[in-house]
Amino acid sequence: MNKHKQLHLILLGAPGAGKGTQAVRLSAKLGLAHIASGDLFRQEQASGSELGKVAKSYMEKGLLVPDEITVKMVLGRMRNPDCEGGCILDGFPRTLEQARSLDEAMAKEDKKISQVLYIKVSNEELLRRLSQRWICRNCQAPYNVVEMPPKAHGRCDHCGGELYQRPDDTEETARKRLEVYFNQTMPLIEYYRKAGKLVEVDGEQSIDAVEKDLVKVIESGAGA
Ligand code: AP5
Ligand code: MG
């Protein structure tokens, strides 16, 4: 594919905003690779790798994994052939340092971020969603076990994998993650607004309505 036709999207938002939920849908709709830094770290943990062990020590406390490790992992993943047409970044970048490293690495290949889709949700709703979330051990698809449960109890609709509650979704760790988000990730909103790439979407609507708004924004090319 012509590199000028590439679409590189960032889904920005707090823990529980719906980044993963929407990324799965957009990835299927647009045929773009879905790259979720948190999913990659959880896969590394499941495989028992050194990287997984290091990541776990930060994730279980609700802290960010150091930039150097995270940037290397995500940029490496972006070099896979399935990213030829672009990709959807979910949960990355999360610090100004990560955003600058991403811009620099992409500029070297004459690429750029197309749009940054900021999914905005209130604090109260975020904590409610995190406490009700279970995810698939295999494909990491998220479910709300109270409001949008899987068809078969404890099993993933997509792949039949076992569902479990993420250890960092306990109330104490979820609160820490929100605090970390406000201190370390919120500055990215200004960073991308200044770059003319930020588009805000109301994340407190139904999942279908949020998807519709995101698709509208992407199709209109607003912020691109
Ligand atoms: P990560 O896995 O990225 O977690 P997060 O950012 O905290 O985001 P979440 O996955 O919790 O939320 P989401 O926005 O994807 O919401 P979801 O769609 O699941 O990161 C985990 C950890 O890894 C970090 O704490 C850090 O340690 C490390 N890490 C990851 N990336 C890093 C980075 N770049 N740098 C350093 N460290 C990094 O939805 C949540 C729930 O709500 C679900 O149950 C869903 O069904 C439900 N829901 C979704 N949309 C709606 C809706 N519209 N209405 C009602 N319910 C909804
Ligand atoms: Mg997620």
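**View 1. Polar contacts hold the stage around ligand 1.** In this predicted model, a polar side-chain atom of Arg42 sits 2.8 Å from an oxygen atom of ligand 1; a polar contact here is a pair of N or O atoms within 3.5 Å. The backbone takes part too: a polar backbone atom of Gly91 is 2.9 Å from a nitrogen atom of the ligand, and one of Ala17 is 3.3 Å from an oxygen atom. Local features need pLDDT of at least 70 and side-chain atom pairs 80 or more, while totals for chains, interfaces and linings use all residues. Side-chain values use heavy atoms, without hydrogens and water, residues are numbered from 1 along each chain, and chains are lettered from A and ligands numbered from 1 as written.

**View 2. Meet the shell around ligand 1.** Here 35 residues surround the ligand, each with a heavy atom within 4 Å of it. The closest are Thr21, Ser37, Leu63, Arg133 and Arg177. Helix 2 gives the most, four residues; helices are DSSP runs of H or I with at least four residues, numbered from the N terminus. By class, the shell has 14 nonpolar, 13 polar (Gly among them) and eight charged (Asp, Glu, Lys or Arg) residues.

**View 3. Now look into the second largest pocket.** A pocket is an open set of points on a 1 Å grid where a 1.4 Å probe fits, with protein on both sides within 12 Å along at least five of seven lines; lining residues have an atom within 4 Å of a point. This one is lined by 15 residues, with Arg42, Gln45, Tyr164, Arg166 and Pro167 nearest its centre. Helix 2 supplies the largest share of the lining, four residues.

Methods
Helices (H or I, at least four residues) and strands (E, at least two) are DSSP runs, numbered from the N terminus. A polar contact is a pair of N or O atoms within 3.5 Å; within protein, one must be able to donate a hydrogen and the other to accept it, and residues adjacent in sequence count only if both atoms are side-chain atoms.
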